[in-house]
Amino acid sequence: MDFNEKNLAVRLSGKRIGNNIRFFMEVESTNDILCGLARDGAPHGTVVIAECQTKGKGRLSRQWQSPAGCNIYASIVLKPAIESVYAPQITLMTGVVVAELLSEYCTGAVTLKWPNDVQIGGKKVCGILAEMRASAGGGVDFIVVGIGINVNMRGKNFDESIRDMATSLAEEVGHDISRLDLAVKLFAKFDDLYARLLNSGFSSIKDSWLSYCDMVGKQVRVIFKNDKDSGEVLGVDDFGALVISDKEGKIKRVIAGDASVVKE
Ligand code: BTN
């Protein structure tokens, strides 16, 4: 079994993302561990990876199924000098990172679903959960970006509640994939796109995100707690909101929720 701290440390040595790596056999949540380390001063680019999570966290207080021996559960801490309102750009950027990475294995089949599900053939293969500590002046103290990729998990092992909607890379390509290689490529690509975001701005990242998003131009329904919105998707804005046009043509920004296509 080559997916361990020693091999990851060797392959990530000297890299901006992952040079400082902590690998655990079992944690409640890699995001929680890394938020704690970040509060104690862990440097930018520190990564926490776990073989399994007992309380893997998903969006909107959901659980992220995190069994041992098959997937990647990773969190990365970032310390960007940006206003906290722009933090969602980093979450969208992470979606592009994973979409580009998985497209190397499944050309043309990877899509992004707002706010940030990565899908293959319309089934979810990766979830992203970013947690931020903002500073008093409106800047960002740190952002912990959590990435869960279903790599070698087999269909029958998904919880029944998500079995029809979830997939893994191995299910899609028909053979197991090295988690070590995939994780190393993930952090390298993350570093490239993060540098692009900081140096050249959000515009080209947004274009890439939209090129993977198969909701643009379609009618969607977005549900968040007791709120429902619907309309045609126009795109996303610089604050990560989904921009829709309702049936009266009124432009609306949706900042959170679950979006689903209602009409092709
Ligand atoms: C989603 O609901 O789509 C987001 C899922 C995010 C899961 C990852 S696994 C690594 C990191 N640690 C967590 O507890 N959650 C994220």
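Which side chain has an N or O atom 2.6 Å from an oxygen atom of the ligand? In this predicted model, the side chain is that of Lys-124. The protein covers 98% of the 420 Å² of accessible area that the ligand has on its own, and the ligand sits in the largest pocket.

**Surroundings of the ligand**
- The ligand is surrounded by 19 residues, the closest being Ser-29, Thr-30, Lys-57, Arg-59 and Lys-124.
- At least two shell residues come from each of α2 (30-39), β3 (72-78), β6 (123-134) and β7 (140-149).
- The greatest contribution to this shell is from β6, with four residues.
- The shell comprises five nonpolar, 10 polar and four charged residues.

**Largest pocket**
- The volume of the largest pocket is about 770 Å³.
- Its lining consists of 38 residues, of which Arg-62, Gln-63, Trp-64, Lys-124 and Ile-162 are the closest to the pocket centre.
- Two or more lining residues are given by each of α2, β3, β5 (117-120), β6 and β7, and β6 gives the most, with four.
- The lining of the largest pocket has 10 nonpolar, 19 polar and nine charged residues.

**Second largest pocket**
- The second largest pocket holds about 520 Å³ of space.
- Among its 23 lining residues, Pro-88, Thr-91, Pro-115, Ala-130 and Ile-255 are the closest to the centre.
- The elements α3 (87-103) and β6 give two or more residues to this lining.
- By class, the lining of the second largest pocket has 16 nonpolar, five polar and two charged residues.

Definitions and conventions:
Residues are numbered from 1 along each chain as its sequence is written. This is a predicted model: local features need pLDDT of at least 70, side-chain atom pairs count only at pLDDT 80 or more; totals for chains, interfaces and linings use all residues. Side-chain values use heavy atoms; hydrogens and water are left out. A residue is near a molecule or strand if one of its heavy atoms lies within 4 Å of it. A polar contact is a pair of N or O atoms within 3.5 Å; within protein, one must be able to donate a hydrogen and the other to accept it, and residues adjacent in sequence count only if both atoms are side-chain atoms. Accessible areas come from the Shrake-Rupley method with a 1.4 Å probe; for residues, only the protein chains shown count as cover. On a 1 Å grid over the protein atoms alone, a cavity is a set of points where a 1.4 Å probe fits but cannot get out, and a pocket is an open set with protein on both sides within 12 Å along at least five of seven lines; lining residues have an atom within 4 Å of a point. A molecule sits in a cavity or pocket if more than half of its atoms lie within 2 Å of its grid points. Ala, Val, Leu, Ile, Met, Phe, Trp, Tyr, Cys and Pro count as nonpolar, Asp, Glu, Lys and Arg as charged, and the others, Gly among them, as polar. Grid points are joined across faces, edges and corners, and a volume is the space filled by probe spheres set on the points.
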